[in-house]
Amino acid sequence: MTDRAKRNEIFSSSDDTTPEKAIQKQDVTKDEFGWEVPVSSVPVPSQGKVYPVNTALHGVDTLDIKAMTAHEEDILTSRALIKKGMVISYLIKSCLIDKTIDVDNLLVGDRNALMISIRITGYGSDYGAKVTCPECDHTSPQRFNLTDLEIKRLEIDPVSPGENIFSFELPVTKKVVNFRFLTGKDEKEMNTTLERRKKMFPDQKLDSVVTSQLENAIISIDGITDKNKINSFIKNMPAFDSRKLRDYIDSNEPGIDMSVWMDCPSCDATSRVSLPIGSEFFWPRS
């Protein structure tokens with residue numbers, strides 16, 4: 001028996017089964033207006049390889065989402081959610097068909113795939129944004145087709161099936177590092193930590209983006225899992241090791257390739273740039 005059938009059975013199991021007493025759920029939009037909210041399948045870049053075996057996400061190639069509606073626009077304009085930095089999480093959760101999924105535990109790349117797809121269902125694939133030319137620094141309005149963004153699928157295997165743990169040997173120190181790809185929760189915590197450090201040390205000119213990324217990604221070094229010891233090693237890690245590890249993580253991280261082509265009207269150069277996600281991403285003017 002399916003989960004839906006079980007729920008229906010629970011609702012209908014009563015000593016009094018007369019039509020007047022039966023609990024019925026009506027889809028007003030469908031029954032009265034003849035309109036059904038479209039549902040589409042979104043490819044999962046990680047292919048579910050990193051999620052625990054006993055969860056709904058393990059081994060999934062696609063996730064079903066419903067199209068954005070006016071309800072999701074309410075989420076996008078919620079001042080409380082904006083202040084808490086939870087808008088995207090609530091938006092994805094609202095559109096996901098499977099409500100048992102914890103969206104904060106999704107890999108950042110999987111979340112991005114859902115976010116892009118949800119935006120397309122709501123406002124279409126055309127997206128306009130201002131972009132700065134890397135050749136001449138001229139900023140110009142550009143238009144992009146979001147359906148042209150390519151999926152970066154996970155092509156390396158985790159240390160163990162169903163675990164977000166991967167291995168890499170540092171070329172200089174020869175230390176074996178176990179690392180993970182960041183989730184939405186990890187990314188939020190990392191950004192919060194960085195902002196907290198800026199407030200605590202306002203005169204500090206140096207941003208710790210590189211070390212913060214490694215501190216959040218590395219699980220163990222040569223079997224050592226103590227975070228204080230790991231962080232100490234990271235600060236003294238040879239730059240070549242640091243760069244190679246970050247390159248390996250970036251090149252293998254599943255998700256959406258957010259790089260796009262732009263044609264500069266000022267210098268006529270054609271350049272590859274990172275797609276800017278600004279306020280108009282979910283609120284297009286036209």
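**Aromatic pairs and a helix contact**

Both Phe179 and Phe181 are buried, where buried denotes under 20% relative accessible area, exposed over 50% and partly exposed in between (1.4 Å probe, protein chains only). The model is predicted, with local features needing pLDDT of at least 70 and side-chain atom pairs counted only at pLDDT 80 or more, while totals for chains, interfaces and linings use all residues. Residues are numbered from 1 along each chain as its sequence is written, and side-chain values use heavy atoms, with hydrogens and water left out.

The ring centres of Phe179 and Tyr248 lie 6.0 Å apart with the planes at 90°, so this pair is edge-to-face; rings of Phe, Tyr and Trp (its six-membered ring) pair if their centres lie within 6.5 Å, with planes under 30 degrees apart counted as stacked, over 60 as edge-to-face and the rest as tilted. Because Phe179 belongs to strand 7 (residues 176-179) and Tyr248 to helix 10 (residues 239-252), the pair ties together parts that are 69 residues apart in sequence; helices (H or I, at least four residues) and strands (E, at least two) are DSSP runs, numbered from the N terminus. Phe179 has a relative accessible area of 0%, whereas Tyr248 is partly exposed, at 24%. Ring pairs link Phe166, Phe168, Phe179, Phe181 and Tyr248 into a cluster.

Elsewhere, Ile88, Ser89, Leu91, Ile92 and Cys95 of helix 5 meet Arg111, Leu114, Met115 and Ile118 of helix 6, contact meaning heavy atoms within 4.5 Å.
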